[in-house]
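Have a look at it first, then read on.

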Amino acid sequence: CSLSKTQRDFLQTFEFNLELENTRPIRANDQMVHDLLAKGERVIFISDMYLQSKYIKQLLAKASPVFAELPLYVSNECGLLKQTGSLCKYVLEKENIRPEELIHRGDNPVADLEKPRSLGILTDFYDRSVPSHWD
């Protein structure tokens, strides 16, 4: 769009601040993660996302400060994608876990179900990716 670096930086900062101000956790997901942690389960966040992890952690911290302390793998920082399965392979290696020890939850049929399953990872389809009017 022929924007200068200054203009792009301004718009990116503006977008993030607006998102941070307006983001609210989905209550059921928030509770699910807290329940898993209370049971002593490991929770790892994995995302195909253009935002850097430092920004995503700010969004997570808004839901719960504990969430910002959990491992987070973001495609743009790793140079890998869930869509190809390469990001999941990377997480398995970095976290030193076997595929059958990981349950990947997501709403994308390929990136969150097909690719992880092809690696031996258990999957859980999340069919409520559209927040309710309360969320």
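This is a predicted model: local features need pLDDT of at least 70, side-chain atom pairs count only at pLDDT 80 or more; totals for chains, interfaces and linings use all residues.

Residues are numbered from 1 along each chain as its sequence is written, and side-chain values use heavy atoms, with hydrogens and water left out.

**Salt bridges**

- You'll find six salt bridges here (a salt bridge is a side-chain nitrogen of Lys or Arg within 4 Å of a carboxyl oxygen of Asp or Glu).
- Arg98 and Glu100 form one of them, at 2.8 Å from N to O.
- Arg98 counts as partly exposed because its relative accessible area is 47%, and the cut-offs are simple: buried is under 20%, exposed is over 50%, and partly exposed is in between, using a 1.4 Å probe and protein chains only.
- Glu100 is partly exposed too, at 46% relative accessibility.
- Arg105 and Asp124 pair up in another salt bridge, 2.9 Å from N to O.
- That pair ties together distant parts of the chain: Arg105 sits in strand β3 (residues 103–106) and Asp124 in strand β4 (residues 122–125), 19 residues apart.
- Helices (H or I, at least four residues) and strands (E, at least two) are DSSP runs, numbered from the N terminus.
- Arg105 is partly exposed at 34%, and Asp124 is partly exposed at 33%.
- Through shared partners, salt bridges join Arg98, Glu100 and Glu101 into one network.

**Lys82 and its partner**

- Lys82 makes a salt bridge with Asp112, with the closest N and O atoms 2.6 Å apart.
- This pair also links distant parts of the chain: Lys82 is in the loop between α4 (75–78) and α5 (86–95), and Asp112 is in helix α6 (residues 109–118), 30 residues apart.
- Both Lys82 and Asp112 are buried, and for Lys82 the relative accessible area is 10%.
- Leaving aside residues up to four places away in sequence, Lys82 touches Ile46, Asp48, Leu87, His104, Ala111, Asp112 and Lys115 (contact means heavy atoms within 4.5 Å).

**Helix α5**

- Leu87, Cys88, Val91, Leu92 and Glu95 are the buried residues of α5.
- They lie on the same side of α5, because they cover an arc of only 140 degrees around the axis (the arc is that of the directions from the helix axis to the C-beta atoms).
- These buried residues pack against β1 (45–47), β2 (72–74), α4 and α6.

**Helix α6**

- Ala111, Asp112, Leu113 and Pro116 are buried in α6.
- Their arc around the axis is only 165 degrees, which puts them on the same side of α6.
- On the other side of α6, you'll see Pro109, Arg117 and Ser118 exposed.
- The cover over the buried residues of α6 includes α5, β3 and β4.
- Gly120 follows α6, and its phi is positive, near 90 degrees.

**A surface patch**

- Which residues form a nonpolar patch on the surface? They are Leu3, Phe10, Leu11, Phe14 and Leu18, with about 490 Å² of accessible area together.
- Patches are made of residues with over 30% relative accessible area and no salt bridge, where like charges are joined within 9 Å and nonpolar side chains (Val, Leu, Ile, Met, Phe, Trp, Tyr) within 5 Å.
- Accessible areas come from the Shrake-Rupley method with a 1.4 Å probe, and for residues only the protein chains shown count as cover.
- Phe14 belongs to helix α1 (residues 5–22) and is partly exposed at 48%.
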